[in-house]
Amino acid sequence: MATQRCATFSQVEQQTSFDRMMIDYYIMGLLNIGLLKASDENANETTCYELTDLGENYIDDYERANPDLIIKRFVS
């Protein structure tokens with residue numbers, strides 16, 4: 001799932017079939033490589049996650065290379 005607007009952990013959880021541990025794993029990984037940014041440094045339920053410009057570019061490149069596998073964009 002990709003988000004162009006901020007999404008909280010709970011919103012990501014509601015929109016996916018992933019458990020909390022898997023969501024946390026992916027969010028931390030995407031934050032570490034710069035594809036996501038967090039609204040604050042204290043991860044809690046009010047922390048909002050958003051794609052960075054780099055994250056947007058990666059998704060755009062992926063969709064151009066894989067037109068049959070377009071990523072559904074989450075809009076809150």
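This dialogue walks through a predicted model of one protein chain.

Biologist: Where do I start? How many helices and strands does the chain have?

Modeller: Start with the elements. The chain has three helices and five strands. From the N terminus on, they run β-β-α-α-β-β-α-β.

Biologist: Which strands form a sheet, and in what order?

Modeller: Read a sheet by its neighbours. Here three strands make an open sheet, ordered 2-4-3, with antiparallel pairing. Strand 2 and strand 3 are the edge strands, each pairing on one side only.

Biologist: How many bridges join strand 2 to strand 4?

Modeller: Two bridges, in the antiparallel sense. Strand 2 covers residues 7-8. Its T8 stands opposite C48 in strand 4.

Biologist: And how many bridges join strand 3 to strand 4?

Modeller: Three, again antiparallel. Strand 3 covers residues 36-38. Look at A38: its bridge partner in strand 4 is Y49.

Biologist: What should I know about side chains in a strand?

Modeller: In a regular strand, they alternate between the two faces of the sheet.

Biologist: Now move past strand 4. Where is T52?

Modeller: T52 is in the loop between strand 4 (48-51) and helix 3 (53-65).

Biologist: Is T52 buried or exposed?

Modeller: Compare its relative accessibility with the cut-off. Buried means under 20%. T52 has 14%, so T52 counts as buried.

Biologist: What does T52 touch?

Modeller: Leave out residues up to four places away in sequence, and T52 touches G34, L35, L36 and K37.

Biologist: How far is G55 from I33?

Modeller: Their C-alpha atoms are separated by 9.4 Å. Along the chain, I33 and G55 are 22 residues apart.

Biologist: Where is I33, and is it buried or exposed?

Modeller: I33 sits in the loop between helix 2 and strand 3. I33 counts as exposed because its relative accessibility is 57%, and the cut-off for exposed is over 50%.

Biologist: What about charged side chains? How many salt bridges are there?

Modeller: First the idea. Side chains of opposite charge can pair when their charged atoms come close. This structure holds two salt bridges.

Biologist: Which residue pairs with E13?

Modeller: R20. The closest N and O atoms are 2.9 Å apart. E13 is partly exposed at 26% relative accessibility, and R20 is partly exposed at 41%.

Biologist: And which residue pairs with D61?

Modeller: R64, at 2.5 Å from N to O. D61 and R64 are three residues apart in helix 3, so about one helical turn separates them. D61 is partly exposed at 46% relative accessibility, whereas R64 is exposed at 60%.

Biologist: Last, the whole chain. What share of the residues is buried?

Modeller: Of the 76 residues, 26% are buried. The accessible surface comes to about 5400 Å². Carbon and sulfur atoms account for 52% of that surface.

Note on methods:
Residues are numbered from 1 along each chain as its sequence is written. This is a predicted model: local features need pLDDT of at least 70, side-chain atom pairs count only at pLDDT 80 or more; totals for chains, interfaces and linings use all residues. Side-chain values use heavy atoms; hydrogens and water are left out. Helices (H or I, at least four residues) and strands (E, at least two) are DSSP runs, numbered from the N terminus. Buried means under 20% relative accessible area, exposed over 50%, partly exposed in between (1.4 Å probe, protein chains only). Contact means heavy atoms within 4.5 Å. Two strands pair if DSSP finds at least two bridges between them. Accessible areas come from the Shrake-Rupley method with a 1.4 Å probe; for residues, only the protein chains shown count as cover. A salt bridge is a side-chain nitrogen of Lys or Arg within 4 Å of a carboxyl oxygen of Asp or Glu.
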